[in-house]
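Here is a short briefing on a protein model with a ligand.

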Amino acid sequence: MTLTMPPTLASLDARSISAWFGARKVLDRVSLVMPAGTVTALIGPSGCGKSTFLRILNRMHELVPGASLAGEVLLSGQDVYDPGRKLTDARKQIGMVFQKPNPFPAMSIYDNVVAGLKLTGVRARRSEKDDLVRECLTKAGLWPEVKDRLRQPGGALSGGQQQRLCIARSLAVRPKVLLMDEPCSALDPTSTRRIEETIAELAHEVTIVIVTHNMQQAARVSQQCAFFLAEQGTPGLIVEAGPTTTIFDSPTDSRTSDYVHGRF
Ligand code: ADP
Ligand code: MG
């Protein structure tokens, strides 16, 4: 019998995050606690810094030329930006899925999942890889759908399947947090619903932060919402954050209410 370890859930705590591209400030002292095992939806108009905030959470922002930031990101209390901590360490613990599904198109479905390991330098035996591929594809909702197609190229899958393959790839390193930047924006409604079901399942073991422009989706998948806004050339900030039901039904700020009800 195999003993499975209970997953360890992790919280993410962003404290007073400000961000710049060159001299231009795009985020102003954004603080947000993303509790362990929950789904947080980041909502707000385009250009208000949601993607920038997401990239700061897993240290992708620092790779953008001219980009800088202030503030702290704590993963279960540990500083993600600790100078003694390797960049790959942050990437392993905090995975990312993008708007446009980006599997390696010529690489097999199997190798796409395993590539998640290679990127971070983890070595595994063949039998371990087989188990991992099955496990990650199952969690991403692609098993047994692609069971007999593991040697086919990732690019041969439909858009929704490709996005689920990207989720499987990001799960291969057993991240504690999964960041998703508009993961369904390029997908049809059926694929979107399947990804939402996957998100709901994954939230039992991974803390999820999702950017979405789809308010129904935010209401369906998240327990917490943060409303970002950048007004007239000012940097983006969080107007209001709280339980999803509060943000939708009884927000404090009229701008939140206007945005979630499509009056913006
Ligand atoms: P959102 O995801 O909410 O649409 P972004 O985080 O992408 O917002 O962008 C926030 C602001 O930062 C925007 O004004 C955008 O033009 C600017 N920005 C984003 N990426 C870069 C970059 N690589 N270089 C310069 N400015 C950028
Ligand atoms: Mg964005």
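Two strands count as paired if DSSP finds at least two bridges between them. By that rule, strand 9 and strand 10 (residues 237–243) are paired, running antiparallel with six bridges between them. Within this pair, Gln224 has Pro243 of strand 10 as its bridge partner. The model is predicted.

- Strand 9 covers residues 224–229 and is mostly covered, with six of its six residues buried.
- In a regular strand, side chains alternate between the two faces of the sheet.
- In strand 9, Gln224, Ala226 and Phe228 point one way. Cys225, Phe227 and Leu229 point the other way. All of these residues are buried.
- Strand 3 (residues 39–43) pairs with strand 9 in the parallel sense, over four bridges.
- Ile43 stands opposite Phe227 of strand 9.

**Core and Phe227**
- The largest nonpolar core holds 72 residues. Leu57 and Phe227 have the most contacts inside this core.

- Four strands form an open sheet in the order 2-1-4-5, with antiparallel pairing.
- Strand 2 (24–34) and strand 5 (78–79) stand at the edges, each with a single partner strand, so one side of each has no neighbour in the sheet.
- Strand 4 (residues 67–75) runs antiparallel to strand 5, and two bridges join them.
- Leu74 stands opposite Asp79 in strand 5.
- Helix 1 (residues 50–57) packs on this sheet and touches strand 1 (12–21), strand 2 and strand 4. The direction of helix 1 makes about 120° with that of strand 1.

**Ligand 1**
- Which residues are around ligand 1? They are Phe21, Val26, Ser46, Gly47, Cys48, Gly49, Lys50, Ser51, Thr52 and Val64.
- Helix 1 gives the most to this shell, with three residues.
- By type, the shell around ligand 1 divides into four nonpolar residues, five polar and one charged.

How values were computed. Residues numbered from 1 in each chain as written. Chains lettered and ligands numbered in written order. Predicted model: local features only at pLDDT ≥ 70, side-chain atom pairs only at ≥ 80, totals over all residues. Contact = placed C-beta atoms within 7 Å. Axes fitted to C-alpha atoms, helices over the stretch in contact; angles between N-to-C directions. Near = placed C-beta within 6 Å. Nonpolar A, V, L, I, M, F, W, Y, C, P; charged D, E, K, R; others polar. Core = buried A, V, L, I, M, F, W, Y, C linked by C-beta atoms within 7 Å. Buried ≥ 20, exposed ≤ 12 C-beta atoms within 10 Å, placed from the backbone.
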